[in-house]
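Please open the structure in a viewer and keep the selection tool at hand.

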Amino acid sequence: MKNVSRLFLLLLFLQSVTPSAYGINSIHTGTGLKTIVIDPGHGGSDKGGEGKNGLLEKDVALEVSLSLRQMMLNNLKINVVMTRDGDYDLSLKKRTDMANMSKGDLLISIHTGSSYSRDIKGIRIYYLDYEEVRKEFMVGPSNHEAEADNNGGGEDDVEIILRDMAISDFSNEGGHVAELIQKNLTEIIPDQNVILKSMPILIFRDVNMPSVMIEIGNLTNQDDMMRLKDRKYRDKVAMAILNAVKEYSRVNSGMVTR
Ligand SMILES: [Zn+2]
């Protein structure tokens, strides 16, 4: 019973605080998108995937990311932060820290895919899988009560529940952005497969913002490899992402297009 009343008080308390009070960004508040973080995958000694024609994932990811940044700066009133803007090594921790320090409202990570089968091609868009991450990082409801008994409840519980709320929020918002990117990619590149998937992806786990990761084609597939080499294709991908962000910002209000 003691736990029940403690939980009740906690819920009352939570009604009076928002995740942003804990330094966690929220884009439900109508403040809109102010900062977008673009994260080109790999870099430096980490080449990522490699196509038979010598095309490297790290280079394709950087080029598409730089085009996307330019398109965003030309079309949106927004700050754009790049986790890397050249060819150098960058750890996952540094990427996460840069994204969080810039107080980004959305993280877009650009990669290419590869597959065990050369026949598999297409674009994959990933967003945070709330249930999977929760299983790994959160204390489940039953353990949660046991823990409350040990430490007398209080701040730890609040932090856990706020983090839980934030992850749920980021997963929903990331899913929404991912759907819009899928829609826009299908419109601009109708002859390409675009698959949507939720996953407990590493870079998403510790960033305090919604995030999506896009594999813009498979380097192990001949058709995709030729497309990825073509600047027109890469610009179409960037344009589709830009249009999706525009649509998303309209829904969230607060950001005016130029
Ligand atoms: Zn990659």
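Select Ile 36 together with Met 72, Ile 78, Val 80, Gly 104, Asp 105, Leu 106, Ile 108 and Val 245: these are the contacts of Ile 36 once its neighbours within four places in sequence are set aside. Two residues are in contact if their C-beta atoms, placed from the backbone, lie within 7 Å. The model is predicted; local features need pLDDT of at least 70, side-chain atom pairs count only at pLDDT 80 or more, and totals for chains, interfaces and linings use all residues. Residues are numbered from 1 along each chain as its sequence is written.

Buried denotes 20 or more other C-beta atoms within 10 Å of a residue's own, exposed 12 or fewer, and partly exposed a count in between, with C-beta atoms placed from the backbone.

Proceed to Lys 103, in the loop between α3 (92-101) and β3 (106-113); helices (H or I, at least four residues) and strands (E, at least two) are DSSP runs, numbered from the N terminus. Is Lys 103 buried or partly exposed? Lys 103 counts as partly exposed because it has 15 C-beta neighbours inside 10 Å. Select Met 209 as well: its C-alpha atom is separated by 8.1 Å from that of Lys 103, although the two residues are 106 apart along the chain.
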